[in-house]
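Here are my notes for you to read alongside the model. Have a look at the sequence and structure, then work through the points.

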Amino acid sequence: MRRVLIIFSLLLMLIFVGGFWISGGDAARSRAIIFCQAGQIHTLDPAGMTWMQDIRAGLALWQGLTQYDPKTLNPIPGVAKSWAISDHGLTYTFHLRRHARWSNGAPVTTANFIFAWKRMLHPATGAGYVEMFFHISGARAYFNALANPHAIPRPFSSVGIKASDRHTLIVHLNAPCPYFLDLMAFPPFFPLNQASMARFTVRSGHSFAYYNPRFTRPPNLVTNGAYRLTTWKFHQYLEFKPNPYYWDRKAVRCRELRIVSFSDSLAAFRAYQSGAVDVLSFVPPEFTAALLRQQRAGLRHDVHYRSVFGTYYYIINCTRAPLNNVLIRRALDLAINKRQIVDDVTRLHEKPLRVLVPPGTIPGYHSPHGLAMNVTEARKLMRQAGYPDGRGLRPLKFLTNDTDSMNTLVAQAITQMWQRNLGVRIRIATEESKAFNQDSVHGNFDIARAGWYGDYMDPTTWLDLFRTGNPNNHSQFSNSQFDELMHQADIEPNPARRFALLEAAERLLVDRYMPAIPLFQYTDGLMYHSREIGGIGPNVRMITLLQYIHWKHRPRGGTHP
Amino acid sequence: MMRFLISRIGQSLLVIFVVYTCTFWLLMAAPGNPFIGEKQPPPAIIHALKVRYGLNNPWHAYWAYPWRVITHGDMGPTISYANWTVLDVIRSSLPISVSLGALALLIALWLGVALGILGAVTRGHWPDLTLTVGSLLGISLPSFVIGSILLLVFSTYWALLPSGGWGDLAQVILPAFTLAAGFLAYIARLTRSGMLDEFSADYVRTARAKGLPPNRVIVRHILPNASLPVLSFLGPAAAALLTGSFVVEKIFAIPGMGEDFVNACLDKDIPLVLGIVMVYTVMLVGFNLLVDIAYAYADPRIS
């Protein structure tokens with residue numbers, strides 16, 4: 001009997017030691033900066049990057065034709081040292097740097113861009129952001145022909161992407177796109193090192209090669225940005241070290257960067273407090289209000305928080321009765337006290353919004369007014385619509401997701417306002433996010449929570465969401481006047497006149513037709529001690545450019561005071 | 001014996017088959033599309049991704065999947081971690097969950113038996129009463145409460161141990177004790193009551209009458225008989241602990257399989273969910289099979 005126990009225990013000991021030995025990362029951290037993200041990396045293939053954490057890592061490893069200015073986030077020369085734009089804004093000629101190098105020392109040439117962009121444009125690559133390429137002439141037709149098995153494939157030469165030599169890339173657009181240089185810094189437009197990927201080819205077809213995703217793992221991954229990927233332990237950490245061949249390597253001051261993630265924001269915060277993590281890419285939502293209070297009282301200085309380029313709003317299903325009646329949609333907006341939501345419910349004192357594009361974020365763009373709270377007017381509209389005090393109105397289905405406990409609280413507060421002010425009864429349906437997304441797409445709601453962070457500094461990143469036929473137009477709003485204004489803006493070469501058209505288009509949304517109810521501007525932030533860490537900071541788009549991060553001064557012992 | 005073995009193995013295979021079938025049926029019935037995020041890609045992209053991951057296949061194609069796994073040794077790619085295959089994920093997270101579980105079981109076993117003996121010999125006095133209350137708490141408190149208390153005391157107030165992570169021995173202590181707590185308390189109770197039953201037995205009186213020292217009586221004579229119920233508890237305990245715990249892994253930020261499993265379910269990552277469910281099922285069924293065989297071996301009445 002005792003023998004059984006002893007053998008059993010020895011076996012357990014063996015399992016523990018063996019398992020620990022196999023899985024244990026080295027906990028030594030030396031001078032590495034430990035950067036904690038909110039979620040795990042989903043992919044390091046630029047074609048598949050849509051998540052914030054993937055994009056952030058992508059921007060540290062790769063560089064597009066342009067890159068973001070660390071202060072203003074305006075596009076500045078990246079792999080391209082200069083460019084020329086034709087008079088009508090339709091042709092971009094990029095001149096690549098001769099010193100741009102991959103992390104294996106090979107030169108970055110136009111062939112790398114053409115290879116990557118052609119791959120993006122193949123439906124089988126499964127690139128979530130492929131629509132960003134449709135500004136390029138012929139790109140949409142090329143993609144659609146490949147996607148349709150009965151269509152005749154079009155040659156890639158029909159797409160407006162040409163290389164006149166190894167260092168000159170010419171891109172033709174369908175219509176002027178004022179934010180095209182901005183897009184050139186974004187992961188879908190990164191170049192790829194074809195030579196290093198070749199041995200991961202799984203099958204090669206007429207115009208398509210599928211690559212085993214193992215090409216993204218060290219030591220296979222070859223990148224052209226500030227860092228190279230030296231280690232990736234799944235679910236544990238990624239280690240970046242400076243790319244010795246990067247053309248601007250003097251600007252990279254961090255010698256070792258580790259990216260970790262915790263699925264539990266409390267665990268992440270504990271790790272940060274104990275000094276095991278140097279930077280948190282988010283402020284833990286459970287504590288944000290309390291942390292900001294402490295910061296205001298001067299008790300801490302490590303919360304870097306600001307309003308960002310994102311809007312929290314509700315969309316209304318414009319095809320279902322009774323909300324296909326614009327009077328009720330207006331009444332719903334007029335009856336909400338948005339100030340009370342940000343002061344008493346979220347308690348983060350976000351800016352309440354009456355418009356969709358956060359005002360003041362885009363230079364030169366003047367937001368329309370939108371509706372101010374007015375309960376009397378709202379009641380009058382309900383009477384006009386034939387539902388005085390909500391009589392005769394069926395209960396409305398409100399759809400929200402459970403990713404953030406705040407969503408439900410905000411929904412409860414607002415539905416209460418609607419009930420009290422208008423007599424509108426609401427049934428709140430909280431769903432986990434995959435089901436929520438599906439129900440949003442299928443229009444299975446009357447009112448739904450929505451949030452949108454702008455992808456590029458242009459009003460169209462929001463306004464496109466309300467165009468007829470846009471797959472992200474979940475409110476199924478369709479208005480010919482709006483579509484016409486958007487179309488005119490598409491082809492308008494003069495930036496000021498273009499903004500005027502977009503302002504008129506947004507005015508239709510927020511002053512007249514209300515397919516959406518704007519609530520407030522998102523706030524977001526980072527946590528780090530600015531005495532120790534420099535080169536990062538919260539910016540309006542929450543793009544953290546890890547290439548500039550560095551130690552300023554490191555206190556002995558490694559724990560935060 | 002042979003017939004018993006064959007029928008038990010047959011039953012186990014049937015259980016695995018049923019679990020597998022139910023899992024993929026449930027996954028297909030669950031709402032949501034793994035490829036639709038907050039931003040919706042064009043339909044052609046969603047279609048291409050469905051083809052790549054085999055989600056357009058008819059439902060009975062899923063029965064061919066285990067066969068492919070066995071013959072090719074490949075469980076296919078994951079959806080939510082596109083750069084890693086299902087096998088990569090399991091290979092990286094299973095050792096972590098298993099080794100944490102093994103340590104927890106070691107702690108539960110030895111500390112549990114030791115405390116059980118202590119309780120039995122000090123029966124009715126304060127160590128016994130403290131242990132009785134302690135084991136009641138250990139059994140009834142859920143692990144997230146125990147884990148949070150341990151974190152608060154040993155990591156926040158006294159800063160003796162790290163709050164989480166994996167890779168350093170110090171990081172293993174708190175989660176192992178949290179995971180062990182319930183089992184430890186149960187084993188202590190089993191040992192204590194087993195010992196008390198034996199105290200009054202004739203052979204114990206004889207051993208004492210021979211003039212053996214009390215320690216020797218306990219270790220040599222009472223314990224082997226008193227620990228029988230503990231031994232039979234070890235089978236299910238091993239199965240439960242070695243497969244990992246989502247709650248403990250989440251609290252202590254341990255990159256184990258429990259967390260991968262829950263994330264995979266939320267992301268509707270069908271290949272990963274199927275892979276992990278299969279690993280869990282094979283482990284659980286395997287442990288139970290081993291325990292049954294051990295019983296049959298020890299007790300000739302079972303056949």
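Which strands and helix of chain A do the buried residues of H3(A) pack against?

1. A word on ground rules. This is a predicted model, so local features need pLDDT of at least 70 and side-chain atom pairs count only at pLDDT 80 or more, while totals for chains, interfaces and linings use all residues. Residues are numbered from 1 along each chain as its sequence is written, chains are lettered from A in the order in which they are written, and side-chain values use heavy atoms, leaving out hydrogens and water.

2. Back to that question. The partners are strands E5 (91–96), E6 (161–165), E7 (168–172) and E9 (209–211), plus helix H6 (194–197). H3 itself spans residues 110–120 of chain A, and eight of its eleven residues are buried (under 20% relative accessible area, 1.4 Å probe, protein chains only). Among them are Phe113(A), Phe115(A) and Trp117(A).

3. Now the interface. Here 65 residues of chain A are in contact with 59 of chain B (heavy atoms within 4.5 Å). The two chains bury about 5,500 Å² between them, 63% of it on carbon and sulfur atoms; that is accessible area (1.4 Å probe) lost on being put together, summed over both. Phe16(A), Phe234(A) and Lys434(A) supply 14% of the area chain A buries there, more than any other three residues.

4. Finally, charges. There are two salt bridges between the chains (a side-chain nitrogen of Lys or Arg within 4 Å of a carboxyl oxygen of Asp or Glu). One of them joins Arg217(A) and Asp88(B), at 3.0 Å, N to O.

Terms used:
Buried means under 20% relative accessible area, exposed over 50%, partly exposed in between (1.4 Å probe, protein chains only). Helices (H or I, at least four residues) and strands (E, at least two) are DSSP runs, numbered from the N terminus.
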